[in-house]
Amino acid sequence: MIPDLRHPAPRHPRAPRRLAVLGSTGSIGTQTLEVAALHPEAVRIVTLTAGRNWKLLAEQAREVRPERVVIADEAAHAPLAEALAGTGIEVLAGEAAIVDVAPEADLVVAAIVGAAGLRPTLAALCAGVDVALATKEALVVAGALVRDACEASGAHVLPIDSEHSALFQCLVGEPPEAVERVVLTASGGPFRDRDPKTFASITPEEALDHPNWSMGARITVDSATMMNKVLEVIEARWLYDLRPEQVGVVVHPQSIVHSVVEFVDGSAKAQIGVPTMKVPIQYALSFPDRWPAPFPRLDWATLGSLDFHAPDESAFPALPLAQEAMRAGGAVPAALNAADEVAVQAFLDGRVRFPDIPRLVEAAMDDARGASGESLDALLDADARARAFVRQRLV
Ligand SMILES: NC(=O)c1ccc[n+]([C@@H]2O[C@H](COP(=O)([O-])OP(=O)(O)OC[C@H]3O[C@@H](n4cnc5c(N)ncnc54)[C@H](OP(=O)(O)O)[C@@H]3O)[C@@H](O)[C@H]2O)c1
């Protein structure tokens, strides 16, 4: 699934690589455009897509001048087309159009949030186009299908998630059989030190206030419940072909050590840096090279101490769901993701309390046990069933 890290093939691009940015209006998408703007000789953006935010999409398109833009919300086609009239930029609408255009590039940045990012990611990989992957849900929902698509077409996945990019960077030059286990670091989110007895009174505003990272709403709430780490453990299992027990989690409040690989000889490598997504985004674009960039540097003299401790599974009951979902397999990880998407939105809408999120997810996982996860249709059925399951339980 990932490129050969033992002997990475050098890249000698004669022309800028043609880039499709799926989810360009989101947190990762906008940062991808900022990174790409630093390297016009290496990267040319040909496609931008968004869900509903046609105004920002139009603004980005006027700036970047892609060949085409796609908005998932068909009702937004008319105002978007009007905003881009006379530019020569093709304007398309609908989720199917995103899937159709995804492979029209040399490299796809997959940064759509949620299971909606699965089909375009698979379309690119099936067509043999490499994907720089932020959309972790694609691997959580359909890791085996993504792996099979890569094997059949020869396409590769390059991780954008900071923890997975850290592992990727640590693994360059190493033989896969030398890996004993990996440890994903977790900031612990805004409620790391809060009394769990008060979790029922957590407000959406408090959950959206992450101490170290500025991100989209779903991943920010997922960081607060630590469900984000659950998704990341499953993501790591697929990306690096690991057994469930080879993926561990440690809380590291400063978010300076982005993750660790432990090797069979007792040595360990960590990747370290200021918490900014621009470094992993750029590395996914530049691999196996590194491009100079003005991103913030660590100040070693003032860094101070770095802390690590075991996560508290009684305060954050989402965490054990990672191992449960991986061991159950089938449709259970798809149900986990779908249930979480609905539960997080329900929390943001004030319809459930913070501790209800992992409870609803676990119940939807139980409901999905035994269901097939062998085909895309089966997984999408499980996704729909889990969404309906949670919606029926909302007050
Ligand atoms: N943000 C981070 O720092 C970070 C770090 C690591 C991994 N990730 C992962 O990266 C992905 C994106 O996260 P984010 O924080 O950038 O999310 P975000 O800010 O919410 O942006 C999501 C993007 O997806 C688009 N979108 C939403 N629903 C869609 C649909 N049904 N069809 C097509 N497009 C749709 C949105 O368009 P609109 O703007 O029009 O709604 C937006 O462009 C997630 O999988 C997340 O877990 C994010």
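Trainee: What is the distance from a backbone N or O atom of G51 to an oxygen atom of the ligand?
Mentor: Keep in mind that this is a predicted model. A polar contact needs a pair of N or O atoms within 3.5 Å. The pair formed by a backbone N or O atom of G51 and an oxygen atom of the ligand is at 2.9 Å.

Trainee: How is helix 6 oriented to helix 13, roughly parallel or roughly antiparallel?
Mentor: Helix 6 covers residues 137-153 and helix 13 covers residues 332-348; they pack with axes 8 Å apart, at an angle of about 155°. Angles over 145 degrees count as roughly antiparallel. Helix 6 is therefore, relative to helix 13, roughly antiparallel.

Trainee: Which residues of helix 13 make the contact with helix 6?
Mentor: On the side of helix 6, the contact is made by E137, V140 and V141. By class, the contact of helix 6 with helix 13 has four nonpolar, one polar and one charged residues. The residues from helix 13 are P333, A334 and N337.

Trainee: Is the crossing of helix 13 with helix 14 left-handed or right-handed?
Mentor: The axes of helix 13 and helix 14 (residues 356-368) come within 8 Å and cross at roughly 150°. That angle makes helix 13 roughly antiparallel to helix 14. As for its hand, the crossing is right-handed.

Trainee: How many charged residues are in the contact of helix 13 with helix 14?
Mentor: Helix 13 contributes V332, A335, L336, A339, D340, A343, V344 and F347, and helix 14 contributes I357, L360, V361, A364, M365 and A368. By class, 13 of the residues are nonpolar and no polar ones occur, which leaves a charged count of one.

Trainee: How do helix 10 and helix 12 lie to each other?
Mentor: Helix 10 (residues 227-239) packs on helix 12 (residues 321-328) at about 40°, with the axes 8 Å apart. In this pair, M227, V230, V233, I234 and R237 of helix 10 meet L321, A322, Q323, A325 and M326 of helix 12. Given the angle, helix 10 and helix 12 are therefore oblique.

Trainee: What is the phi of M226?
Mentor: M226 sits in the loop between helix 9 (217-225) and helix 10. Most residues other than glycine have a negative phi. M226 has a positive value, with phi near 70°.

Trainee: Is the peptide bond from F287 to P288 cis or trans?
Mentor: P288 belongs to the loop between helix 11 (278-286) and helix 12. Most peptide bonds are trans. The bond from F287 to P288 has omega near 5° and is cis.

Note on methods:
Residues numbered from 1 in each chain as written. Predicted model: local features only at pLDDT ≥ 70, side-chain atom pairs only at ≥ 80, totals over all residues. Heavy atoms only, no water. Axes fitted to C-alpha atoms, helices over the stretch in contact; angles between N-to-C directions. Helix = DSSP H or I, 4+ residues; strand = E, 2+ residues; numbered from the N terminus. Parallel < 35°, antiparallel > 145°, perpendicular 65-115°, else oblique. Contact = heavy atoms within 4.5 Å. Polar contact = N/O pair within 3.5 Å; in protein donor to acceptor, adjacent residues only side chain to side chain. Nonpolar A, V, L, I, M, F, W, Y, C, P; charged D, E, K, R; others polar. Left-handed = near helix turned anticlockwise from the far one by under 90°.
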